[in-house]
Amino acid sequence: MNRLITTILSALIIVGCSQRAGNDLLWITEGDVHVDAEVTVDASLDLKNDGFIILGGPKDRVIKARTETGALYGKYALQRLERTGKASGCLDIREEPAYERRILNHWDNLDNTVERGYAGWSIWHWGEPVPAELIRDYARLNASIGINGSVLNNVNASPGILHPDTLARVAQIADIMRPYGIKVYLSVNFSSPAALGGLESSDPLLPEVQQWWKAKTDEIYGLIPDFGGFLVKANSEGLPGPQDYGRTHADGANMLAEALESHGGIVMWRAFVYSPKSPDRANQACEEFMPLDGKFRDNVLIQIKNGPVDFQPREPFSPLFGRMPQTRLMAELQITQEYLGFSNHLVYLHPLFKECLDSDTWCNGEGSTIAAITTGKLQPEVYSTTAIAGVANIGRDANWCGHEFAQSSWYAFGRLAWDPSLGSEDIALEWLKQTFTDDRRFTEPVMEMMMTSREAAVDYMMPLGLHHLFAWGHHYGPEPWCDVEGARIDWMPRYYHKAGKDGIGFDRTTEGSGNVLQYHEPLTSMFNSLETCPENLILWFHHVPWTHEMSSGRTIWEEICLHYDRGIKTVRDYQKTWSEMKPYIDSERWEAVNSKLAIQESDARWWRDACVQYFGEFSGMEVPGDVEKPQRPLSELKKIKLDMKHHN
């Protein structure tokens, strides 16, 4: 996103609350965690990583852990059980985290803007006094849900993050978070040796470049002994990387990994790349990384977005998860709602996260889920370490996330990173009880809102496998007609939906881009056939005639109209439900959510008006009589670049 637009959005979103007000700690109690239990830390206990055991009845609770951090997690777990009404009787609980490294990726810049951040300026307060209390609260919130790592800066990294003065500040932040078991990581710019160190090149195979990174890494560990490692975005969206010097991603990642290895650090190398080899962006990660399988050092993890394009409301899982059996892989999930209405829309993301992790790749037969791969269960001999990342939605807004309910996705990521088997309803209910009230008259109807919210957003934005219909610059509103002169064609919404007189949808079959071939059987055959492809992804994999009959008996055109209509009606139902919740919570938070729901309903109509009318011009068909008709003419909607009233 253009920096000017980013700044405008941030400023508009946080009018009146550029600083956090009060000490709203959401789902944990004020002050340090308090539990009435005997705590034992014993390094000889048979527990993995920072696992814990909780035993005994109400009067003789015992928490056992192998580490101090494990004991802290046990305390928070017991507090959670008490606050959600699950601590009665005799407890016999043993928990161990599924992933060793459970990390938030902040996309914060050194000028305090946050790329794709919709909750205000950076909480790190770069260039200002270190906000120790704020960072301590942040660390406590993360520890309470098991998050143990934080990448402080944007993947579009400035070389300045490695300047000695900046590193000294990073060390102060690390000192504040260390008591809560949280390691600090940094995103690094691959050209740093030249841009910051004054070298003539940043070629990873040059000895002087390797030595520069080794010296810089030693400098970091001298300041931060438990530093976690580097996150790298390279040769993507114009950022420098090893390919600039005729080298491979493995050459670049391994050079950094060697510098970190003796310190116990890792490299998280992102697979979000734009390759010139394929015209279909969904193919590009596999094309670039599959040939490198088995060539990465043991402390390198390839960080893969959940889907093959870019955090869309619904995508199939990235096929790269099933195509690198000799390489350590980790999932990257987006908590901030870049393509889901920013912090204006209520969209609980646990169902999206779980949809990804539960997806079966079939890479080693049935049961080869992404969770089984990335937790190391499928190939434990390959996974010397495991990790999962979530792109953070945290800023300086009083409620941390810009929307009261956006907090739930931060909470859900932490709980899911600890245990991918946890259900969406269970986590939603936990969060509601701890954040608002345990009154069933509130929790039951509001949990229904949360559980249906992701599907509602898909309906009113991009149903049936449609994707990337957003305005090119800001990713907020619809612009399916967008075609920006001079921009890459595979960024354009028109490129992705392929709407024309003959039909709609992107042909990724064996007769099209061949993307289906990157999946294992039986998925390849299932996705390739119009008869067996899941209908919620049909327009992702197929270009279908407007008259194509769906399982409902309706045409694809009628289904498109119905989904947009259903999405709007669902949000209106949320408004009705929320109006009845006023007696159960404080007026300030009720009003805040109520105003956001009004924006969401307006935005849903904006999406429907734009997409239904635009696609209607190609289909030549009328909007079905049983759905609400578009309200604003397409000529008016095409003039909207960013409706600023939505960001007050």
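Predicted model: local features only at pLDDT ≥ 70, side-chain atom pairs only at ≥ 80, totals over all residues.
Axes here are lines fitted to C-alpha atoms, for helices over the stretch in contact, and the angles between them run from 0 to 180 degrees, taken between N-to-C directions.

Take helices α11 and α12 to begin with. Helix α11 covers residues 407-418 and helix α12 covers residues 424-435; their axes sit 10 Å apart and the two pack at an angle of about 125 degrees. That angle makes α11 oblique to α12, since angles over 145 degrees would be needed for roughly antiparallel and 65 to 115 for roughly perpendicular. The crossing of α11 past α12 is right-handed. On the α11 side, the contact is made by Q407, S408, Y411, A412, R415 and L416, and these meet I427, E430, W431, Q434 and T435 of α12. Sorted by class, the contact of α11 with α12 has 5 nonpolar, 4 polar and 2 charged residues.

Helices α6 (residues 207-223) and α7 (residues 249-261) form another pair, with axes that come within 9 Å and cross at roughly 40 degrees. This makes α6 oblique to α7. The crossing of α6 and α7 is right-handed too. From α6, the residues V209, Q210, W213, K214, T217 and Y221 reach M255, L256, A259 and L260 in α7. The residues of this contact of α6 with α7 split into 7 nonpolar, 2 polar and 1 charged. E237 is not a glycine, yet it has a positive phi of about 50 degrees.

Then there is the pair α17 and α18. Their axes come within 9 Å and cross at roughly 170 degrees, which makes α17 roughly antiparallel to α18. By class, 16 nonpolar, 6 polar and 5 charged residues make up the contact of α17 with α18. How far apart are the end C-alpha atoms of α18, against the span its 33 residues should have? Helix α18 takes in residues 587-619, and at 1.5 Å a residue it should span 48 Å; the end C-alpha atoms are 47 Å apart, so the two figures agree. Just after α18 comes G620, with a positive phi of about 70 degrees.

Aromatic rings pair up as well: the structure holds 37 aromatic pairs. One of them joins W546 and W557, an edge-to-face pair with 6.1 Å from centre to centre and 80 degrees between the planes. W546 is in the loop between α16 (538-541) and α17 (556-579), while W557 is in helix α17, so the pair ties together parts that are 11 residues apart in sequence.

One last backbone detail concerns a proline. The peptide bond from E521 to P522 is cis, and its omega is near 5 degrees. P522 itself is found in the loop between α14 (493-497) and α15 (523-528).

Technical notes
Residues numbered from 1 in each chain as written. Heavy atoms only, no water. Helix = DSSP H or I, 4+ residues; strand = E, 2+ residues; numbered from the N terminus. Parallel < 35°, antiparallel > 145°, perpendicular 65-115°, else oblique. Left-handed = near helix turned anticlockwise from the far one by under 90°. Contact = heavy atoms within 4.5 Å. Nonpolar A, V, L, I, M, F, W, Y, C, P; charged D, E, K, R; others polar. Expected span 1.5 Å × (residues − 1). Phe/Tyr/Trp six-rings, centres within 6.5 Å; stacked < 30°, edge-to-face > 60°.
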